[in-house]
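The exercises below are meant to be worked through with the sequence and the 3D view at hand. Each task is followed by a solution in steps.

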Amino acid sequence: MTGLFGDGDGDGNSGILSWLYDSMYDGKQAASDAGDVTMKLLRSTGKAAWYVGTTFLVLILPLMILEEREPQQSDLDFQQAFMLGTRPLPPPPAQK
């Protein structure tokens, strides 16, 4: 006779409880695998964000500061030349 706990011979391998146990074990394993994949994804995303941020700070930010300072320096030179009563120098020719 087959029951809830097995086929009656004592091994308990074919009952509903063993099936539930196997299903729960598979679910736990799948959850563990999903957690591992998520952690690896977060770690690689963090590394990529660090690379992008560092590249921005090293390469792009100084260029932005230089581009902003150039017109200010030109205006300052013009104001100084005007205050001293000299003719301001014409802007340099545009490069092609």
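**Exercise 1.** Does Val58 count as buried or exposed, and why?

This is a predicted model, in which local features need pLDDT of at least 70 and side-chain atom pairs count only at pLDDT 80 or more, while totals for chains, interfaces and linings use all residues. Residues are numbered from 1 along each chain as its sequence is written, and side-chain values use heavy atoms, with hydrogens and water left out.

*Solution.* Begin with the cut-offs: buried means under 20% relative accessible area, exposed over 50%, and partly exposed in between (1.4 Å probe, protein chains only). Val58 counts as exposed because its relative accessibility is 56%.

**Exercise 2.** Determine what share of the protein chain is buried.

*Solution.* Of the 96 residues in the protein chain, buried ones make up 4%.

**Exercise 3.** Find the aromatic pair and describe its geometry.

*Solution.* First, recall that rings of Phe, Tyr and Trp (its six-membered ring) pair if their centres lie within 6.5 Å, with planes under 30 degrees apart counted as stacked, over 60 as edge-to-face and the rest as tilted. Next, a search of the whole structure gives 1 aromatic pair, formed by Trp50 and Tyr51, which is edge-to-face at 5.6 Å centre to centre with 65° between the planes. Finally, both Trp50 and Tyr51 are exposed.
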